[in-house]
Amino acid sequence: MKKVNQTWQVAAWEFMHFFKWKQELLSKLVMLVIAGVVFFWSSSDELTQSQYKVAVVGAPDLTVQNDDFVLSHSQLSTELLLKKVALGELDAVLVATSKSLPAEFVLHTQGKMSWQQTLMAQINAHYMAEVTVELGLNEQKLSLLQQPVIWTAAYLDEAVKQETGTSSNTAIGVMVLMSVGIFVSFAQIFVSITGEKQQRVTEQLYACMSAQTWIDGKIIGQVLLALKAMASTLLSVVLGIAFMQVVIDGTSLDLSIVDLSLLPWLTLFALLGLYLSTAFMAAIAAAIDDPNHSGKTSFMMLPLLPMMLAFVLMDSPSGFAMTFLSYFPLTAFAVMPVKMALVDLPMWQPLLALVISLLTCFYIRTVAGRLFKMGMVTYGKEPSVKQMLSWAIR
């Protein structure tokens, strides 16, 4: 129990060394304040204009299917109408310069605003309907022209999912969040271990605890920091989705894009992947003597390789490569969740991948302890890759 207590004491110190709860809380409060300001700005009738007045010259049959625009066909001169725009009595003057198709218009406004693009799109829709009538095309013929072929995929392998949108989006989202966690862990554990090595701090702690206990605590602390970063990123994404749906689109919050049945599996694989990646990076960082000139820094980016392979192989979930990498110890944590999102698998396959990943984490954790001990006491000369491999297997 003494080693367990020491491990968690190191983990708590490592976590609180980088976690500043006041700054985290302040950043989220600022985000909520900004979202609230934008919400009240967009929902206030006094601050936002509900309708735009547009005078039309030379196009008496022009109409739009949008309540935000009020079109009035005017016989006044363009110069007089432009004066009304300058005085704020009109928002725009639309002058037709050619009545034959393709129609030509000049849109006069006081300045450039986003609603002008919406008005142009509505006018394009009006004339598209006119062109359809002129060419003798009904709605059915027009839809046939726009989509002449309807595809249906049929697989002999019934395990392949026909509709994978929600599941694949969930898997991709978890992979992106895991990448965020790995990047955070990379930066912080690199600074932590190399800084302590240069200051000869860790060597003094070997008198009261083992190298394995010290590295276990640091790995757990960094994993907690990575989870904090992932949770913070997830909260920002959810707030962004809520803002787009509730404020911009005016609809209720809808999180149906998340596959809740797949989420527990993804969470387990993400935890194992974070632990495996952090342990690997801790072992490499311990072998770095000069962080400014070491060539081993690039090795710490290797944990991102499984995510890259998972993204590349998404289009071939039934191929041999994805099947093999789903059980390969160093890539199972990233590839198996993606395969689960695309193919219906029996329960034993993800369970087997979880067991393989768990055993790999235990082995990498042991290797990290050896490399950490040898790397921290070898001050002044970086070990070679051959020496590191020798330490790992002995």
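In the predicted model, helix α11 meets helix α12 through M322, T323, L325, S326 and Y327 on the α11 side. The α12 side of this contact consists of A332, V335, M336, V338 and K339. By class, the contact of α11 with α12 has seven nonpolar, two polar and one charged residues. The two helices pack at an angle of about 130°, and their axes lie 7 Å apart. The crossing of α11 and α12 is left-handed.

Helix α11 spans residues 320-327, and its buried residues are M322, L325 and S326. Viewed down the axis of α11, these buried residues fall within an arc of 110°, so they line one face of the helix. An α-helix has 3.6 residues a turn, so residues three or four places apart point the same way. M322, L325 and S326 also belong to the contact with α12.

Helix α10 (residues 305-312) also packs on α12. Here the angle is about 25°, and the axes are 8 Å apart. Angles under 35 degrees count as roughly parallel, and α10 and α12 are therefore roughly parallel to each other. α10 passes α12 in a right-handed crossing. P306, M307 and A310 of α10 meet F333, A334, V335 and V338 of α12. By class, this contact of α10 with α12 has seven nonpolar residues, with no polar and no charged ones. V335 and V338 of α12 take part in the contact with α10, and both also meet α11.

Helix α9 (residues 263-286) is a further partner of α12 (residues 332-342). The pair packs at an angle of about 160°, with axes 8 Å apart. That angle makes α9 roughly antiparallel to α12. α9 passes α12 in a left-handed crossing. From α9, the contact draws on W265, L266, F269, G273, L276 and S277. From α12, A332, F333, M336, P337 and M340 take part. The residues of the contact of α9 with α12 divide into nine nonpolar, two polar and no charged. F333 of α12 is in contact with α9 and also with α10. A332 and M336 of α12 are in contact with α9 and also with α11.

S277 is located in helix α9. With a relative accessible area of 3%, S277 falls under the 20% cut-off and is therefore buried. Beyond residues up to four places away in sequence, S277 touches I182, P303 and F333. Of these neighbours, F333 belongs to the α12 side of the α9 contact.

A separate buried position is L62. This residue sits in the loop between β1 (52-57) and β2 (69-73). At 1% relative accessibility, L62 counts as buried, because the cut-off is 20%. Leaving out residues up to four places away in sequence, L62 touches V56, L71, H73, L94, F105, I123, H126 and Y127. Among these, V56 lies within the range of β1, while L71 and H73 lie within that of β2. L62 and H126 are 64 residues apart in sequence. In space, the C-alpha atoms of L62 and H126 are 7.4 Å apart.

Notes
Residues are numbered from 1 along each chain as its sequence is written. This is a predicted model: local features need pLDDT of at least 70, side-chain atom pairs count only at pLDDT 80 or more; totals for chains, interfaces and linings use all residues. Side-chain values use heavy atoms; hydrogens and water are left out. Axes are lines fitted to C-alpha atoms, for helices over the stretch in contact, and angles run from 0 to 180 degrees between N-to-C directions. Helices (H or I, at least four residues) and strands (E, at least two) are DSSP runs, numbered from the N terminus. Angles under 35 degrees count as roughly parallel, over 145 as roughly antiparallel, 65 to 115 as roughly perpendicular and the rest as oblique. A crossing is left-handed if the near helix is turned anticlockwise from the far one by less than a right angle, and right-handed if clockwise. Contact means heavy atoms within 4.5 Å. Ala, Val, Leu, Ile, Met, Phe, Trp, Tyr, Cys and Pro count as nonpolar, Asp, Glu, Lys and Arg as charged, and the others, Gly among them, as polar. Buried means under 20% relative accessible area, exposed over 50%, partly exposed in between (1.4 Å probe, protein chains only). The arc is that of the directions from the helix axis to the C-beta atoms.
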